[in-house]
Amino acid sequence: MNDNFLKACRSERVERIPVWFMRQAGRSLPGYRKLREKYDMLTLAQTPELAARVSIEPIELLGVDAAIIFADIMLLPIAMGVDVKIVDSIGPVIDDPIKAVADIARLKPFEAGDVDYLQQTIKILRTELKVPLIGFSGAPFTLASYLIEGKPSRTWTKTKCFMFEEPQAWNRLMETLSDAIVRYLIVQIDAGAEAVQLFDSWVGCLAPGDYRQYVLPHMQRIFKALASKKVPRIHFGTDTGAMLSDFSNVDCEVIGVDWRIDISEARRIVQSKALQGNLDPAVLLANHRIIERKVDEILGVLDPHVGYIFNLGHGILPGTDARKVKMLVEYIHSK
Ligand code: CP3
């Protein structure tokens, strides 16, 4: 059993730097592309034998030190009764988004029985994997942004206006989502997930003061509710440099950062937790020499053998060559 990833999460010294990638499952890997010719993404995620194969492919092909469940952040809203479609080259689309307080009541409380498939997937993975398995959920802000906008957005104006104009309804929505997230993650942990990551992919669009007022209390509550489960908790967001000191006040073991902040600066701000990140995913589209130079720039400014997990700052980009990703894993492991 390779437990370097879990050791690094707990800030214990490791011989070999652990590495995994957001969006390592799916995307451009050949086995996944082949399955996608026959099945859509949600069907794959909801069929345990197939979902497990997608999670295992990067372990075998790339040699990464952790697996991530093949799922999507929108599976939780789906379990809560929301009609979500994953539309090619757009992303998650909801035809009837949340517009008013009354719409929040349409969200059905989450029940473990709504994700039987996920529990089965996790059980298959735990018998087959020799690396730790990461469970995950979207964080309440990022989930709320899809539920309110109805589709991916670049400005998140509907979400922000709802938050500013209807603060009580906003809190209701965040509490409803937070309760579901905690239960959803506990289901994953009880089924065998050995670490959990909260993806707050779009929270960096907020002013830091608004983050503190409208989001942080909910994040604190979620992470606290998971403490007794004793698995490492990873708190990931993008464009969150200005919120990093608030992130570091949340009860979690690891903070994931993107490339818009120097990792040395993140290390200065986040002192008593492990860090995960933060190579710009675009670097993987450049040549080998550039990839190695950019990796060296990151590894050179912290002690990468204590409290550090190598990852990109966000998901692997479409069109990334799997051979370069494998080369990158070998390069990290040689350090
Ligand atoms: O990381 C992994 O390899 C595990 C699987 C995973 C998926 N989605 C599968 C997926 C994970 C961890 C996610 C999380 C997710 N989903 C996030 C948070 C991480 C992030 O990227 O910020 C978000 C915001 C979503 C919402 C979502 N789902 C988007 C924006 C899209 C479409 C755009 C895209 O990146 O392809 C999806 C669909 C989706 N989720 C696909 C996959 C493999 C693509 C479906 C396909 O065409 O094959």
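In strand S9, Ile309 is the bridge partner of Gln276. That pairing belongs to a predicted model, in which seven strands form an open sheet with parallel pairing. This briefing covers the sheet, the nonpolar core, a pocket and some backbone features.

**The sheet**

- The strand order in the open sheet is S1-S4-S5-S6-S7-S8-S9.
- Strand S1 (67–68) and strand S9 (308–312) stand at the edges with a single partner strand each, so one side of each has no neighbour in the sheet.
- Strand S8, which covers residues 274–279, pairs with S9 in the parallel sense over five bridges.

**The largest nonpolar core**

- The largest nonpolar core has 127 residues, and those that touch the most other members are Phe5, Phe21 and Phe310.
- The greatest contribution to this core, 13 residues, comes from helix H10 (residues 167–191).
- Beyond its neighbours within four places in sequence, Phe310 is in contact with residues including Ile17, Pro18, Val19, Trp20 and Phe21.
- Other contacts of Phe310, under that exclusion of sequence neighbours, include Gly277, Leu279, Val295, Ile298, Leu299, Leu328 and Ile332.

**The second largest pocket**

- The volume of the second largest pocket is about 230 Å³.
- This pocket is lined by 13 residues, of which Asp262, Asn278, Lys294, Glu297 and Ile298 are the closest to its centre.
- Helix H14 (263–269), strand S8 and helix H15 (288–299) are the elements that give two or more residues to the lining.
- Helix H15 supplies the largest share of this lining, with three residues.

**Backbone features**

- Most residues other than glycine have a negative phi, and most peptide bonds are trans.
- The peptide bond from Gly277 to Asn278 is cis, and its omega is near -10°.
- Asn278 is found in strand S8 and is also among the residues closest to the centre of the second largest pocket.
- Arg23, a residue other than glycine, has a positive phi near 65°.
- The position of Arg23 is in the loop between helix H1 (4–9) and helix H2 (30–38), and with a relative accessible area of 45% Arg23 is partly exposed.
- Trp156, likewise a residue other than glycine, has a positive phi near 55°.
- Trp156 is found in the loop between helix H8 (140–149) and helix H9 (157–165).
- The relative accessibility of Trp156 is 13%, so Trp156 counts as buried, a class that requires a value under 20%.

Note on methods
Residues numbered from 1 in each chain as written. Predicted model: local features only at pLDDT ≥ 70, side-chain atom pairs only at ≥ 80, totals over all residues. Heavy atoms only, no water. Pairing = 2+ DSSP bridges. Helix = DSSP H or I, 4+ residues; strand = E, 2+ residues; numbered from the N terminus. Core = buried A, V, L, I, M, F, W, Y, C linked by side-chain atoms within 4.5 Å. Buried < 20%, exposed > 50% of the residue type's maximum accessible area, 1.4 Å probe, protein only. Contact = heavy atoms within 4.5 Å. 1 Å grid on protein atoms, 1.4 Å probe; cavity = no way out; pocket = protein on both sides within 12 Å on 5 of 7 lines; lining within 4 Å. Points joined across faces, edges and corners; volume = space filled by probe spheres on them.
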